[in-house]
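Morning, everyone. I have one structure to walk through today. Let me put it on the screen.

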Amino acid sequence: MARSDVQLMLDVKAGDETSFALLLQRYRSPLANFLYRMVRNREQAEDLAQEVFLRVYRAREEYVPSAKFTTWLFRIATNLALNSVRDNRYQRLEVSLDAPVVADAEEGDEKTLDVPEKHPNIEQHLVEEARAQMIRHAIDKLPEKQRAAVLLHKYQELDYAEISKILQCSESALKSLLFRAYETLRVELAPLVARQAK
Amino acid sequence: METKILAYVDGRLKDNERLDFEKHLAGCAACKLRATEFRAVSSLLDELPQIEPSEAFDLRVHALVAAEPARRSWWSWLAVSPRAAFAAAMLLLAMAWISTRPEPGVVVAEQDLPVVENADYDVISNFAPLSDLSQASDDDDEGDTGSGAGAMVTQ
């Protein structure tokens, strides 16, 4: 039976390095995706994800399982992402999500959009590319905290209580935050939403 | 009511809340439309592809972790190093000794004067260097040998 996150972390605290490797394996992808969508730069997202794991490791001796491990993990990640976005430290290095999706696909990170055999028609491929770009744009336009709330809610599938702890707000404030975010997305994606809703 | 729309779309409402909300939707066209649109937004968000961290990611994390210095508490540091513990104990003793030691000036005034008072006069008077000093003094001028000895001792 797989050990829980908390058990793994307690084992790391006790000096078991393999448990840390298991946690890394379990959360490397969710963290990298969350941070990538927050900071909009792959390289920076990986740097931040590494920093998150390093902070988890550094804090192992003081670790007390008072909350869910994911709450703690994503709280660190969210704080780092919000600080980074606000600091604008990586502005010059930033590769905008406006950049053609093909460029990402060439690097091998967004393979689902780089499947030529699935799109024998180049026109259809371009339409899908534009659609994905529009969705990214809409997410990018959200204020940082709303963006974090949507990403944690939609992609990490964390419950309201957990997300509110991560964002340090009440559950009712979080629900309001998410509602406003979805309202913005609904407006930004209106043409796609209209087609989808039919 | 509007903040429940998203929870309804995501299936996060409890059964009784969901039934209540569905009753509301049956009579509220605006909320019904919004629920449909939010479901469409949610579906669009699903279309975004996932990224995978680069192959070097794990290696870099492990390298960062390996570069971390082993952290010890103060007491474990002392326990692991008996030399450090001994040095610390000696330092504490030295500090205690220094703090209890009287000032040098006070030592002369309080400890040497009783010695002079209780000194055996014969010992002092037969002490050769003092005798010589006394004679030399007498040769130069008619000074007091006793006061000279006292001055020497108290200096």
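Start with chain B: it has 10 helices and zero strands. Keep in mind that this is a predicted model. Along the sequence, chain B reads α-α-α-α-α-α-α-α-α-α. How much of chain B is buried? Of its 155 residues, buried ones make up 9%. Now its contacts. Take those between residues at least 6 apart in sequence: 42% of them join residues at least 24 apart.

Next, the interface. 36 residues of chain A are in contact with 28 residues of chain B. Which helices of chain A supply at least two residues each to that side? They are α2 (17–39), α3 (42–58), α6 (122–141), α9 (171–188) and α10 (190–197). Of these, α3(A) gives the most, with eight residues.

Last, one residue in chain A. Leu31(A) sits in helix α2 of chain A. Is Leu31(A) buried or exposed? Buried, because 25 other C-beta atoms lie within 10 Å, and the cut-off for buried is 20 or more. Which residues does Leu31(A) contact, once neighbours within four places in sequence are left aside? Ala49(A), Val52(A) and Ala77(A). Look at Ala49(A) in particular. Ala49(A) and Leu31(A) are 18 residues apart along the chain, and their C-alpha atoms are separated by 6.1 Å.

Over to you for questions.

Note on methods. Residues numbered from 1 in each chain as written. Chains lettered and ligands numbered in written order. Predicted model: local features only at pLDDT ≥ 70, side-chain atom pairs only at ≥ 80, totals over all residues. Contact = placed C-beta atoms within 7 Å. Helix = DSSP H or I, 4+ residues; strand = E, 2+ residues; numbered from the N terminus. Buried ≥ 20, exposed ≤ 12 C-beta atoms within 10 Å, placed from the backbone.
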